[in-house]
Amino acid sequence: MARIGLSKSEVKASRDQLLAEGRYPSVDAVRAALGTGSKSTIHRHLKELSDEDGQPGIKRDDTARSLQVMVEQLAGQLHDDAERRYRALYAEHQQAMEDKEQELAALRETVERLKLRVDELEIDAYASQPHDHGFGDFSHLYASSRGGLNDSTAFSMVLSGGRASVFDVDSRPIHYKV
């Protein structure tokens, strides 16, 4: 018994469905959609359909143009997204810089206030101290020494230049023990 082959209308319906789905109607794609048929028959019907439609089918130039358009659209979207992201980051950076400038101004103001306070405290401390000119007042040390104001210790006499009065060799007899 003779088999009934694929009709041109079945191939056309399958081709149109693939085109509607955005897929290329190749011989293998049409055969997979139909589920049967020889490749030579499907190819012959596809060629006849493209001649009838006046469209030579999808050519390499059409594919290149489609890809070029798609690439341009994607590039435009990427540039737009990048520009939006850049503007958002730039605005965030500007806000952070303004916040830091305000914080820095507040810190400078605090430093100035503290400098003035330190100056005030130094002035108060200087005013409350007794002032002497030179190396200081050592009279309290002299008065509190062993002899008081009339200190006649050997050390103080040597310091004052009275060596002879401290060591009077003639007034003291030296006794040697043998």
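The model is a predicted one, in which local features need pLDDT of at least 70 and side-chain atom pairs count only at pLDDT 80 or more, while totals for chains, interfaces and linings use all residues. Residues are numbered from 1 along each chain as its sequence is written, and side-chain values use heavy atoms, with hydrogens and water left out.

The secondary structure of the protein comes to 7 helices and 0 strands, where helices (H or I, at least four residues) and strands (E, at least two) are DSSP runs numbered from the N terminus. Of the 178 residues of the protein, 11% count as buried, a term that stands for under 20% relative accessible area, with exposed meaning over 50% and partly exposed in between (1.4 Å probe, protein chains only). Among the contacts in the protein with a separation of 6 or more, 39% are accounted for by residues 24 or more positions apart, contact meaning heavy atoms within 4.5 Å.

In H1, Val11, Ser14, Arg15 and Leu18 are buried. These residues cover an arc of only 100° around the axis, which puts them on the same side of H1, the arc being that of the directions from the helix axis to the C-beta atoms. On the other side of H1, Ser9 and Ala20 are exposed, whereas the cover of the buried residues includes H2 and H3. H1 is followed by Gly22, whose phi is positive, near 85°.

The buried residues of H3 are Thr41, Ile42, His45, Leu46, Leu49 and Ser50. They cover an arc of only 165° around the axis and are therefore placed on the same side of H3.

The structure holds 8 salt bridges, each defined as a side-chain nitrogen of Lys or Arg within 4 Å of a carboxyl oxygen of Asp or Glu. One of them joins Glu48 to Lys8, with the closest N and O atoms 3.2 Å apart. This pair links distant parts of the chain, Glu48 lying in helix H3 and Lys8 in helix H1, 40 residues apart. Glu48 is partly exposed at a relative accessible area of 29%, and Lys8 also counts as partly exposed at 26%. Another salt bridge is formed by Asp16 and Arg15, whose closest N and O atoms are 3.3 Å apart; Asp16 is partly exposed at 34%, whereas Arg15 counts as buried at 11% relative accessibility.

The structure also holds 1 aromatic pair, a pairing in which rings of Phe, Tyr and Trp (its six-membered ring) have centres within 6.5 Å, with planes under 30 degrees apart counting as stacked, over 60 as edge-to-face and the rest as tilted. The rings of Tyr86 and Tyr90 have their centres 6.0 Å apart and their planes at 25°, so the pair is stacked. Both residues lie in helix H4 (residues 60-128), 4 residues apart, about one turn of the helix.
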